[in-house]
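Subject: Structure handover and notes

Hello,

Please find the structure below. My notes on it follow.

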Amino acid sequence: MKRFERISKFIPTIYALSTPAGRAALSVVRISGPSASTVLQKLTGKIPKPRLASLQSIKHPTRSQIVDKALILYFQQPASFTGEDIVEFHLHGGKAIVKEALDAIEQTNIPNLRYALPGEFSERAFYNGKTDLTQLEGLADAIDAETSEQLYSVSQQAHGDLYRLCFGWKNKLVECRALLEATIDFSEEHDLDQKEFEPIFQEILDLTDEMERHLSKARPTEILREGIRVAVVGPPNAGKSSLVNYLAKRKVSIVNEQPGTTRDAIETLLDIHGFPVFLTDTAGFRKGSDVQEIESIGIEIAKEKAEKAHVVLLILPSEIWTGKSLALENQIFELVKNYKAKNQQVHVLLNKTDLVQGASGAATMVRKYLHQALDIPISHVHEVSIKNEIGLEQALAALASSFRIISHVQTENNDDGGYGWNRRQREALKECIKHLKMSLNYASDVVITAEELKLATDEVGRITGAVNVESLFDIIFSRFCVGK
């Protein structure tokens, strides 16, 4: 039996702690359902005016003692998050206070009152028409967001922009189909010229073009949700581990002058200019008789990590400035060129500028050399001293620009009008476009055209949840905490 069928049959009143468990300044307990106001009456003795905060004492129904003096909010249906009566207790955040408040609710012994399932408040909001599937997915991603760019990438979904766009499309499709079917009915009694259908077909064509424009500008949300992968590569003792430790602000990797110290890929999650970044420290690329088997395995792992990365960050030591390690760098360059051919972003840090006399004078020449050798923009080559923390902020800002390109994040000066779409939504939109094109291909047979319009409308409905997508609900709602 589906969750909502079970809910709608009994319509229980549900309650839960809506803030994280543990000692805090405040904790919020939420109640939703037909008996919410009855619970409030039993625990406080009165029901305040809707949407007006009230300071009241909560008494335990069996002990007749005050649990807490709390701020009470009452939202009367349908003007609430779930569309049902909702009561919120804003309690002091002590563990005992929260525990006794929840027990007090249970001990009211009101029939059909129970603790909520994960995401059940949001589920009720969906079924009561207070939100749609795109908003719920965006809200779940917003709650899970750990960096600013993760948050803003789903902001449009969470606040209903994508729903309003799809709702407009659905209305146009329904109108086109209605006009088409009305014309079909009229044609049974009158001979109609094909020109009678041209305004409808033009509307379908315009709608197809509009959807394709949005699909081309769609910003996939998966990259930011899952994290941008950056592989730090280069020869031994170039400063790879030092950079990772600097960015992590802790000792993640061992730093030692002995070559081959890092033999495995060490990954750490960082927030770089608002982007979630999985930074991977890798074994240094080198050859020689002293390279042990375990180090060779580490070098192969480093190559694999680089191949799967969104960004390859090549760190070169001061020797590159003098040409002493040219043979080794040529080997590395060949690897990096392969990554560049796969449309990966490549950045180079010329490290240890503090050890090179006249480094600033040689910088232009070396940057031009690397620009030509690696076929990367000169702006992707940065002179730094990781030890002295020189030039790193500028390098990180340049990396952030690449992150924006990879994740299709818009800037204040580059608002392309695109929305953040997850994979499920993009696939449904592609199917919708496919059906619209089929409807135009079969324009000579208006019955097929009408059926294709119906299928296209269903795909838009799948984006917002208006069409049966029950199989997704348990996955989506389970992402929320119990009190959401």
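What share of the residues in the chain is buried? Buried residues account for 49% of the 484 residues, where buried means under 20% relative accessible area, exposed over 50% and partly exposed in between, with a 1.4 Å probe and protein chains only.

First, the conventions. This is a predicted model, in which local features need pLDDT of at least 70 and side-chain atom pairs count only at pLDDT 80 or more, while totals for chains, interfaces and linings use all residues. Residues are numbered from 1 along each chain as its sequence is written, and side-chain values use heavy atoms, with hydrogens and water left out.

Overall composition

There are 19 helices and 14 strands in the chain; these are DSSP runs numbered from the N terminus, with helices being H or I of at least four residues and strands E of at least two. Of the contacts with a separation of 6 or more, 70% are between residues 24 or more positions apart, a contact being heavy atoms within 4.5 Å.

The six-stranded sheet

An open sheet is formed by six strands in the order β3-β4-β5-β2-β1-β6, with mixed pairing; two strands pair if DSSP finds at least two bridges between them. At the edges are β3 (54-59) and β6 (113-115), each of which pairs on one side only. From one strand to the next, the twist averages 30°. Axes here are lines fitted to C-alpha atoms, for helices over the stretch in contact, and angles run from 0 to 180 degrees between N-to-C directions.

Within this sheet, β2 (residues 26-32) and β5 (residues 86-92) run antiparallel and are joined by seven bridges. Val 29 has Phe 89 of β5 opposite it.

Two helices lie across the sheet strands. Helix α3 (residues 95-106) lies across β1 (13-17), β2, β4 (66-75), β5 and β6, at about 175° to β1. Helix α4 (residues 120-127) lies across β1, β2 and β6, at about 135° to β1.

Strand β12

How many of the six residues of β12 (residues 345-350) are buried? Six of the six are, so the strand is largely enclosed by the rest of the structure. One side carries Gln 345, His 347 and Leu 349, the other Val 346, Val 348 and Leu 350, and all are buried. Strand β11 (residues 311-316) runs parallel to β12 and is joined to it by six bridges; Ile 315 has Leu 349 as its bridge partner. β12 also pairs in the parallel sense with β13 (residues 381-383), over three bridges, and Leu 350 stands opposite Glu 383 there.

Helix α9

Helix α9 (residues 198-217) has 20 residues and spans 29 Å from first C-alpha to last, close to the expected 28 Å. The expected span is 1.5 Å times one less than the number of residues. Its buried residues include Ile 200, Phe 201, Ile 204, Leu 207, Met 211 and His 214. An α-helix has 3.6 residues a turn, so residues three or four places apart point the same way.

Aromatic contacts

The whole structure holds five aromatic pairs. Rings of Phe, Tyr and Trp (its six-membered ring) pair if their centres lie within 6.5 Å; planes under 30 degrees apart count as stacked, over 60 as edge-to-face and the rest as tilted. Phe 126 and Tyr 127 are edge-to-face, because their centres are 5.3 Å apart and their planes are at 80°. Phe 126 is buried at 11% relative accessible area, whereas Tyr 127 is partly exposed at 22%.

Trp 169 and Trp 421 form a stacked pair, 6.3 Å centre to centre with 15° between the planes. This pair links Trp 169 in α8 (residues 161-187) to Trp 421 in β14 (residues 420-421), 252 residues apart. Both tryptophans are buried.

Separately, the charged end of Arg 30 sits over the ring of Phe 121, 5.4 Å from its centre. The criterion is NZ of Lys or CZ of Arg within 6 Å of the ring centre and within 35 degrees of the ring normal.

Backbone exceptions

Most residues other than glycine have a negative phi, and most peptide bonds are trans. Gln 77 and Pro 78 are joined by a cis peptide bond, with omega about 0°; Pro 78 is in the loop between β4 and β5.

Arg 51, not a glycine, has a positive phi of about 65°. Arg 51 is in the loop between α2 (36-44) and β3, and is exposed at 54% relative accessible area. Asn 237 also has a positive phi, of about 60°. Asn 237 lies in the loop between β8 (228-233) and α11 (240-248) and is partly exposed at 33%.

Regards
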